[in-house]
Amino acid sequence: MIENQNIQREEMSYDVVIIGAGPSGLATAIELKKLNPETSVCIIEKGSEVGAHILSGNVFETKALDELIPDWKEKNAPIKTKVSMEEFLFLNKKNGMNIPTWLLPKSLQNHGNYIISLANLCRWLGEQAEALEVEIFPGFAASEIIYNEDGSVAGIQTGDMGVDKEGQPKDTFEPGIILKGKVTVFAEGCRGHLGKQLIKKFELDKNSSPQQYGIGFKEIWEVDETQHQEGKVLHSVGWPLDPKTYGGSFCYHAENNQIYIGYVIGLDYQNPYLSPYDEFQQFKTHPKISKILKGGKRISYGARALIEGGLQSLPQMHMPGALLVGCDAGTLNMPKIKGSHTAMKSGIIAAETIQQHLYDKKELSVFDTIFKNSWLYQELYEARNVKPSFRWGLIPAMIFTAIDQLIFKGKLPFTLNHLHADHETLKLAKDSKKIDYPKYDGQLTFDKASSVYLTGTNHAENQIIHLQLKDPKLPISYTLEKFDEPSIRYCPAGVYDIQYNKEKDESEFIINSQNCIHCKTCDIKEPSQNINWVTPEGGGGPNYANM
Amino acid sequence: MKILVAVKRVIDYNVQIRVKPDNSGVEKDNVKMSMNPPDENAVEEAIKLKDSGEVTEVVIVSIGQEKCQDTIRTALAMGADRGILVKAGDDIEPLAVAKTLKNIVEKEKPNMVLLGKQAIDDYCNQTGQMLSAILNWPQGCFVSELGINDSAITISREIDEGLEQLEIQLPAVVTCDLRLNEPRFASLPNIMKAKKKPIEIIEIESLGVDTIPKVKYLKVEEPPVRQGGVMVADVKELIQKLKYEAKVI
């Protein structure tokens, strides 16, 4: 790091500074401008453009957008494909059992929802925000939090540009600047690196269960039109995952003969030999799935960690000078497998809070009251017991979920808590079974290198490695020995590797940080929490198009 | 002294190009676009000359859709003074671009026009040379070093045999190589300031330039997938394969 005191930093002030141009950040900005056009609002976004780092299934519930921009249809929002057909499959190796839709909890029924690309929705929301004079700065990463003397949040500092890997300024050095807000809104998405610091500093999670995460994969395929049924939504559980591991698939038939196919796996999995990436690749070879994809062409790939903890794990979302919104806090509704409408609603609530704070001199803690009286709270409350029940295994959990959701509609008089953080759940390698994954065929299944190639990931060369090890020896001395270095398997982009150095006669831990697609899984799952994900130079990372 | 820099909005160099399913072209919807990289070098060089006091004004021109304003703003945020957008369709060919630029040159009367050596979308490598011809100005192409002394510039350019040093009388057309410099980052405050810098918008029709494409695209296809390599047991087998399978020796 460059010594801070030697640098003259410019400073800019806004009423509200928002970190991250995803659904929650953009909703906050738009609602703020609706409530009072005079409020000055800026958003900074680490992706090279709005949408470049957005990845989501996505079956979209319009509830929050209806509130935010009621005339979204007239304004030509990229929300076109209505869900027309729905299937839920329980897969075994060779076959799949159809679970009738009427037996599914209401939360899993998608009638009235739309199949969309969340990245494109964010691009559109960005245009709407800019039309309301919100200033959006893509390509700038918020690298540090700035505090006032009284300890409240004052704003953020953007990352320095043009620093070499030794931390020395290059010819193109451009110092980061300080952005100050009367209120700063952190909307970084799941496991935001600043949100993580705030939760710790202000002990926002002291009354909540450990947060639960998953890793989600998504590919876009162009398939033969005979296999394509626009508007069809297909979900599955079961094969290839073992019954102890939480997860499932999605397969959405979008516009233009495209299929959005993906897989989500709970990061509380126990076997260090499990490779989420390979589970997903293998899933595509199931006869029920491969018949859709055969002859088609994969055009996109990506992965991102997501929140699964729900209401029990939700930290307090306000602190002096700042708010956490969306999945930076964790508003995703897991049984519904949807987080976009909840993220947007949390942004709307944040905007109402800020409006009252700026103009009626209310404390930011008024957030809690508005939140508790909203449909968002109600929805998360009813959903709260589903995910924790999966620690009993797939079948008991599905039976419990049916009772909880169908009969009691989420109103059972108790709350199941999450017992462990995801980094605590791995068993030792010696007690675990190795998994033999099939070889990639280059037709349905692909290696990580060719997958990462499709993400358009780029980081400027010669910069500080943004995946920092708290203890550089630990991967070899501890993680490799105890867990056979699981990062090689859980990283969806092939960032981590172990190489044997002949000259030194020792193994070395390799970090190919330029491959990083900013999913944050390593920051979550590393057993001793040794990997710290920080922001690379702004504009780096994936360049997702229609994810 | 005044410099005119022409910039083109192209698909970003990090994006994996995808051919449209109907083979009519490449997919541009929702794809990240940015300034053609060698054009960035041209902008950087012009601003460097301005920083050093040799140049008083840097004007940016781009030809294309409304969205090209973003590309112009990027150049303005780097330090250029003002922009001109000539509104036109997406399929303008190099000759029409050169004729349009000639119009702008006659209007703006710059001492030098800087361009990227070629655009990374169609790789034509024609516009700079054509512009030089129709203006009847000297040209320096693929420039990797540039110096100004009074009414002339000295350039270093890459040729097959190595580097060629030339002195060129102004006014001149110069096309820039990636080696010329390392473009600066636009700082946030400068991006803010750039929003207030003027961009003049001209309809291409008003210039009387013939923009009808002279080239017809029949079909765009992806290159064939590369075959994987094979391991050979020994030199003998290698020579056999080179001789009878690859037929290269």
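Predicted model: local features only at pLDDT ≥ 70, side-chain atom pairs only at ≥ 80, totals over all residues.
View 1. A:Cys190 takes part in no disulfide, and the nearest cysteine sulfur, which belongs to A:Cys327, is 6.4 Å away. A disulfide requires two cysteine sulfur atoms within 2.5 Å. A:Cys190 counts as buried because its relative accessibility is 4%, the cut-off for buried being under 20%.

**View 2. B:Cys176 and the cysteine nearest to it.** B:Cys176 is likewise in no disulfide. Its nearest cysteine sulfur is that of B:Cys141, at 9.9 Å. With a relative accessibility of 0%, B:Cys176 counts as buried.

**View 3. Strand E1 of chain A and its surroundings.** Strand E1 of chain A spans residues 11-19 and is mostly covered. Of its nine residues, seven are buried.

**View 4. Pairing of E1(A) with E13(A).** Strand E13 of chain A, residues 178-186, pairs with E1(A) in the parallel sense, over eight bridges. A:Ile19 stands opposite A:Phe186, a residue of E13(A).

**View 5. Pairing of E1(A) with E2(A).** E1(A) also pairs with strand E2 of chain A, residues 41-45. This pairing is parallel too and runs over four bridges. Here A:Val17 stands opposite A:Cys42 in E2(A).

**View 6. The β-α-β unit of chain A.** Helix H1 of chain A, residues 23-35, forms a β-α-β unit together with E1(A) and E2(A). The unit is right-handed. Its two strands, E1(A) and E2(A), are the parallel pair with four bridges.

Terms used:
Residues numbered from 1 in each chain as written. Chains lettered and ligands numbered in written order. Heavy atoms only, no water. Buried < 20%, exposed > 50% of the residue type's maximum accessible area, 1.4 Å probe, protein only. Pairing = 2+ DSSP bridges. Right-handed = clockwise from strand over helix to strand, strands pointing away.
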